[in-house]
Amino acid sequence: MAGSGSSLKSAALLEQMKSHLTTDAGKELVKKTGLVYQLNIAPKQKMGVDEEIYVVDLKEGKVTQGAYKGKPDASFSFKDDDFLAIATGKMNPQIAFIRGAIKIKGSLSAAQKFTPDIFPKPSKL
């Protein structure tokens, strides 16, 4: 498992998310959302290969690396580039799902709350 020396382009966004969750806007998001998401992000062209796992915990307001202890409300699998496109609003999550760019496990209603709005606007990605 790669530590903070992640090869993912998404790692920078997830780092920004950590600080975002400590802001007032981030705390409001946690209050409003109250869900736990597990992200399985594959660095290359194939989902499920060399994935790095992150947990975006919008119950406690934190982002951690490694699988969630317990059952996340929804788990997503995607390639690094697709995750970035979705998180930055360049790709619609529903369209990504229909095209097979995202695989979802868990609650679909929780998954639908996983939108670009939960991510900080990228400062420099």
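By class, the residues lining the largest pocket are eight nonpolar, two polar and no charged ones. Here Ala, Val, Leu, Ile, Met, Phe, Trp, Tyr, Cys and Pro count as nonpolar, Asp, Glu, Lys and Arg as charged, and the others, Gly among them, as polar.

Before you click on anything, know that this is a predicted model, where local features need pLDDT of at least 70 and side-chain atom pairs count only at pLDDT 80 or more, while totals for chains, interfaces and linings use all residues. Residues are numbered from 1 along each chain as its sequence is written, and side-chain values use heavy atoms, with hydrogens and water left out.

**Stop 1: the largest pocket**

Select Phe-76, Pro-93, Gln-94, Phe-97, Ile-102, Ile-104, Leu-108, Ala-111, Gln-112 and Phe-114, and you have the lining of the largest pocket. Helix H4 (93-98) and helix H5 (108-112) are the elements that give two or more residues to this lining. Helices (H or I, at least four residues) and strands (E, at least two) are DSSP runs, numbered from the N terminus.

How much space lies in the largest pocket? About 190 Å³. Rolling a probe the size of a water molecule over the atoms shows where empty space is left. The search uses a 1 Å grid over the protein atoms alone: a cavity is a set of points where a 1.4 Å probe fits but cannot get out, whereas a pocket is an open set with protein on both sides within 12 Å along at least five of seven lines, and lining residues have an atom within 4 Å of a point. Grid points are joined across faces, edges and corners, and the volume is the space filled by probe spheres set on the points.

Now pick out Pro-93, which sits in helix H4. Is Pro-93 buried or exposed? Pro-93 counts as buried, at 17% relative accessibility (buried means under 20% relative accessible area, exposed over 50%, partly exposed in between, with a 1.4 Å probe and protein chains only). Leaving aside neighbours within four places in sequence, Pro-93 is in contact (heavy atoms within 4.5 Å) with Ile-86, Ile-102, Phe-114 and Pro-116.

**Stop 2: helix H3**

Go to helix H3, residues 80-87. Seven of its eight residues are buried, so H3 is largely enclosed by the rest of the structure. Just after H3, click on Gly-89, which takes a positive phi of about 80°.

**Stop 3**

The axes are lines fitted to C-alpha atoms, for helices over the stretch in contact, and angles run from 0 to 180 degrees between N-to-C directions.

Which residues meet here? From H1 come Ser-10, Leu-13 and Leu-14, and from H3 come Asp-80, Phe-83, Leu-84 and Ala-87. This contact of H1 with H3 holds five nonpolar residues, one polar and one charged.

Zoom in on Ser-10, in helix H1 (residues 10-20). Ser-10 is buried, with a relative accessible area of 0%. Not counting residues up to four places away in sequence, Ser-10 touches Ile-41, Asp-80, Phe-83 and Leu-84.

Next, select Lys-9, in the segment before H1. Lys-9 counts as partly exposed, at 48% relative accessibility.

**Stop 4**

Select His-20, Ala-25, Leu-29, Lys-32, Thr-33, Lys-113, Thr-115, Asp-117 and Ile-118, which line the second largest pocket. About 160 Å³ of space lies there. Helix H2 (residues 24-33) gives the largest share of the lining, four residues. The lining divides into three nonpolar, three polar and three charged residues.

**Last stop: Asp-50**

Finish at the loop between S1 and S2, where you'll find Asp-50. Asp-50 has a positive phi of about 50° although it is not a glycine. At 57% relative accessibility, Asp-50 counts as exposed.
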